[in-house]
Amino acid sequence: MDISPERRREIIAALRKGTVPQRGLDFFAVGLSRFEPAMAAELADVAQGSSVFKAVRGDYGCGKTFFGRWVQEHAKKKGFATAEVQISEAETPLHRLETVYRRATEQLSTADCFLGAFRSVIDGWFYALEEDVLAEGTVDPSDAAALARRADDLLEQRLVEITRATPQFAAALRAYRTAQRQDDHATAEGLAGWLAGQPHVAAGVKRVAGVKGDVDHFAALSFLRGLLLILKDSGYSGLVLVLDEIETLQRVRGDVREKGLNALRQLIDDIDGGRFPNLCLLITGTPAFFDGPQGVQRLEPLAQRLHVDFQTDARFDNPRAVQLRLPPFDHARLLEVGVKVRDLFVTDCSS
């Protein structure tokens, strides 16, 4: 596989620190080829408007984070935006979906923008509106006023579905567009932050858009729906959202754990009910989280939704099941990875 010197050094630097590289994972991925056809088929379904939930299980060191980033790389090649959120007790508790949404927008990534792509996605959507108006051929490109009026009309047409899903999201988009045209950068920045779920946006900025408060737990899901609509309307295939290290729920206080498990059940039910078209949600966790008394098994409805029989030989696992099992590294796989990393290092040293 041809790989740039910059990418090689990025991979080597990550491996030296003992972390999973953000990009270039195909170069040294081993043992994942059996998942590729199923994941490709499910991503194709998502691109057509369906939604998918996947749970990846494996012991520590089996490559769960690697698998999530590997899926994200494949998804970007197919036109998806991606985001990875590390679930943690202190910074990103699962039951605080507003925090999960905010982290997702902060980590939003596309093929053209590696991190922090939220603002570029929004700006790209507005730019596409004007391009669509010009493509109609009914407006003189030199007539800025007429172009703006027609773009506003088209904006309202596109906002109909977003307004139906989340009126505040649509209102903030309108105000953001107006602030941009007036070169009011402070207001535009504030509204972009509010749309991304950032707290502590000035009241005066929100007043411009006619919205109040911060994005809360319930609004977060509506805002995610709004983001999915923007992505699809901008030409993206959808969004792959990875919630990594979800097993941290086992270490939190009992009432917090129950809220987190209920939030996960709600997400699964909403995906199954078609509320989030063009979304692939992937979570990673240890077998203890899925099977142990401090995890999924504490909430029977969730346990039923995630149940897969793993008593059989791993060779017979169904890659389209709701849960995927990552086997531990054996000697052959470790040797194969070692050879790939060695070749990568030698190539970098000789370049």
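Modeller: **The nonpolar core**

The largest nonpolar core has 80 residues. Phe53, Ile162, Leu173, Leu243 and Leu264 have the most contacts inside it. A nonpolar core here is a set of buried Ala, Val, Leu, Ile, Met, Phe, Trp, Tyr and Cys residues joined through side-chain atoms within 4.5 Å. Buried means under 20% relative accessible area, exposed over 50%, and partly exposed in between, with a 1.4 Å probe and protein chains only. Helix α10, residues 217–233, gives the most to this core: nine residues. Helices are DSSP runs of H or I, at least four residues, numbered from the N terminus.

This is a predicted model: local features need pLDDT of at least 70, side-chain atom pairs count only at pLDDT 80 or more, and totals for chains, interfaces and linings use all residues. Residues are numbered from 1 along each chain as its sequence is written, and side-chain values use heavy atoms, with hydrogens and water left out.

Now take Leu173. Setting aside neighbours within four places in sequence, Leu173 is in contact (heavy atoms within 4.5 Å) with Ile122, Trp125, Phe126, Leu159, Ile162, Leu195 and Ile230. There is also a second, separate core of 29 residues. Among its members are Leu25, Leu43, Phe66 and Val71. In soluble globular proteins, nonpolar side chains tend to be buried together.

Last, the cysteines. Cys280 counts as buried, at 2% relative accessibility. Cys113 is partly exposed, because its relative accessible area is 21%. The structure holds zero disulfides, a disulfide being a pair of cysteine sulfur atoms within 2.5 Å.

Definitions and conventions. Helix = DSSP H or I, 4+ residues; strand = E, 2+ residues; numbered from the N terminus.
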